[in-house]
Amino acid sequence: MLKLVVAINNQATISVVKLVQKAVRLLGRGDGTALPGLISEKMSPKLLKFFADQIPHKILITGTNGKTTTQIALSSILRASGKRVLANASGSNMRRGLLSLFISKCDRRGKLNYDYAVLEIEEATLPKVVQELNPEVMVFTNLYRDQLDAYAEIDRTKEMFVKALKLSPQAKVVFNGDDPRLSDILKGLENECLKFGLDPSYILDFKYEGEHLKNQKNDLVASKIKINDDLGTRFQIEDEEYSFASPGIFNVYNALAAVASAKSLKILIPDIKKGLLLMKTPFGRGEVLKKNSITYRLLLAKNPAGLNLVFQLLKHTNKPNLIILLNDKIADGRDVSWIWDADFELLKDIGPNMVILGGSRAEELLLRLKYTFEDVVKMGERAYLIDKKIQVFFTPDIKELVNFAEREKLSKYFYVIHTYTAMLEFRKRLLGKALNE
Amino acid sequence: MNKDKISLKLVHLYPKEMNIYGDRGNIIALTKRCDWRGIEIEVINAGLDKNEIPEGDIYFMGGGQDNDMYLVFDDLVKRKKKFIETEVNKNKVFLLICGGFQLFGKFFLDSSGRQIDGLGILSIETQAPGNQVKDRCLGNLLTQIDPDLLNQIGSAYEEVISPTLVGFENHSGQTFSTEEHFETLGRVVYGRGNNPKDLLEGFRYKNVFASYSHGPILPKNPHLADFLIYQAMQNKYGDKFEWLQLDDKIEWQAHLAIKDRLLK
């Protein structure tokens, strides 16, 4: 009897929510996962488990940086080996977003038709959903300082990971063995583990916090990392070469996380290689946009570690033209103090030709630049010259900034470093819409 | 003149443990503003690994995460209290942010009810209301500078464009004075400051300046940054030093941008 009630209840919820999703879409209110998720959560508290139980293999990906790229890489690999894959986007990595995703993908009776679910999960959400989702594999990319105003402190994130792991003794754990914080968490756990990492000669570029464990040995090691001229990347694991289109050595970690997960799911190496090669560059993570014969390469940076990695990547370019956009809305993190923790000093090695600054906290960026270099001279109302060689343009309004770049024809190629909502504004201005689909 | 070059020593207390939310920006601001004036500045790190704190002209300590703070409390209060007291009494300049501020008080009562003794240099006590994020004082912070402090700043900084301080606070601990008369940095115009009741921000005692403002506080508040350097210079050189005013248009532009938004 109870089962039947639950079934009817689920059915009602699914119908209502499908209607709401349609309405939200018709009204053009973005991707709108919040409201449908809220409704389903209130109407049927057991719905998440109901959906998760229908998919045989579930892989959860969490960590402060690289969740989305890892998800896209692993989904691409699984699809290359012929599996039916359900994946989420970063906008739906919390409970309500997941519910909304499941409902939008199921049929009218609530049936889901997938072999694998590859889901990135926001760190604080993980312990709250892990039992219902019952993952076969859990992937931990890293544990950096990120959005500290959102969950206060890293120690708390660490506790969330530990809590989630204790609730999931069945899950195979795939994790970044180069990150001392993660190694520390996983010490003493009974889960089957697979550690991945870079050849030690590359680790110097990464500012992991904490003491490295002695005699730490990773199960999968990427070596011979090469960055191509188009900023695509190649690397080797044992004697096999893998390549993919995302830029930068830090994306090797994400690719490696996906390869390690695929291996633990017994996917064959040729399929893994094919999947990586075919993977699309994720939204804002090295994505290329073209408009009026200007190319923009989008590089998301939302915390010091992420921004330092972008700067490391730009060392491979020659006198690049940069656009840096800093917003301080909730999705960006309202506290912009992190730009003072990031190593802007790396810009001295990069030697940009030009920097255009924009976003709701562009003034703060200009100030950070002033305190990076020796001297800043004002050349015009919105123009500065840094150390007699770097041109800086200051246009906080992103709409104006795009017009300015197009009108002045300053360059044919820009690297755009941006926080999350700044990217949405930038895309909207450039392409007429903020999101794909 | 060359043989005794003008110089200052800046001691960064617990740079590994007490450095969060961009606090490092304060070191950058002090260093650059000394460089631009031709004052040689040496930054010395003094962490848990040092048995003694090296003597300096300016001391800086930022905020930290709870666990790191406990380690630092232990080290500082048990092993280095005497040195700090002596330096404070010599009118040395201290800038303390968030956790550093709390640590200089009498005690800190954490969310589990544990009481941790501080240095007792500032007559304050701090209590954490609970471990929930919702209890945190979190957001942009705008402070009207205390008139007496503003007057003092005027001796070091000629053109204070706005008599305010801007920053970003992020703390669960709420700080109260244990005495009736005390000096602060000013009155909170936007945000919380020491606690949501008094609407006061920070604390002053001799040349100790304490604040809840991350952001970091100094780059966007050049008047405060210069005042700290000026006090340290006076301490070391009396009145026998040259003091330049810098061009701070970019600093004030950043200050006013966030200030104006908060007052809208």
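The conversation below goes through this predicted model, topic by topic.

User: How is chain A divided?
Analyst: Chain A is divided into domain 1 (2–278) and domain 2 (285–431). The centres of domain 1 and domain 2 of chain A, taken over C-alpha atoms, are separated by 29 Å.

User: Next, how many residues has the largest nonpolar core?
Analyst: The largest nonpolar core has 190 residues, and those with the most contacts inside it are I77(A), V416(A), L30(B) and L228(B). Helix 11 (residues 250–264) of chain A gives the most to this core, namely ten residues. At least three residues come to this core from each of domain 1 and domain 2 of chain A.

User: And what does L228(B) touch?
Analyst: Leaving aside residues up to four places away in sequence, L228(B) touches I58(B), V93(B), L95(B) and F209(B).

User: Changing topic: why is strand 12 of chain A largely enclosed?
Analyst: Strand 12 (residues 321–325) of chain A is largely enclosed by the rest of the structure because five of its five residues are buried. On one side these are N321(A), I323(A) and L325(A), and on the other L322(A) and I324(A). In a regular strand, side chains alternate between the two faces of the sheet.

User: Which strands pair with it, that is, with strand 12 of chain A?
Analyst: Strand 12 of chain A runs parallel to strand 13 (residues 354–358) of chain A, joined by five bridges, and L325(A) stands opposite G358(A) there. Strand 12 of chain A also pairs in the parallel sense with strand 17 (residues 413–418) of chain A over four bridges, where L322(A) has Y415(A) as its bridge partner.

User: Finally, how many residues does the contact take from each chain?
Analyst: The contact takes 26 residues from chain B and 20 residues from chain A. The side of chain B that touches chain A has eleven nonpolar, nine polar and six charged residues.

How values were computed: Residues are numbered from 1 along each chain as its sequence is written. Chains are lettered from A and ligands numbered from 1 in the order in which they are written. This is a predicted model: local features need pLDDT of at least 70, side-chain atom pairs count only at pLDDT 80 or more; totals for chains, interfaces and linings use all residues. A nonpolar core is a set of buried Ala, Val, Leu, Ile, Met, Phe, Trp, Tyr and Cys residues joined through C-beta atoms within 7 Å. A residue is buried if 20 or more other C-beta atoms lie within 10 Å of its own, exposed if 12 or fewer, and partly exposed in between; C-beta atoms are placed from the backbone. Helices (H or I, at least four residues) and strands (E, at least two) are DSSP runs, numbered from the N terminus. Domain bounds come from an automatic or database domain assignment. Two residues are in contact if their C-beta atoms, placed from the backbone, lie within 7 Å. Ala, Val, Leu, Ile, Met, Phe, Trp, Tyr, Cys and Pro count as nonpolar, Asp, Glu, Lys and Arg as charged, and the others, Gly among them, as polar. Two strands pair if DSSP finds at least two bridges between them.
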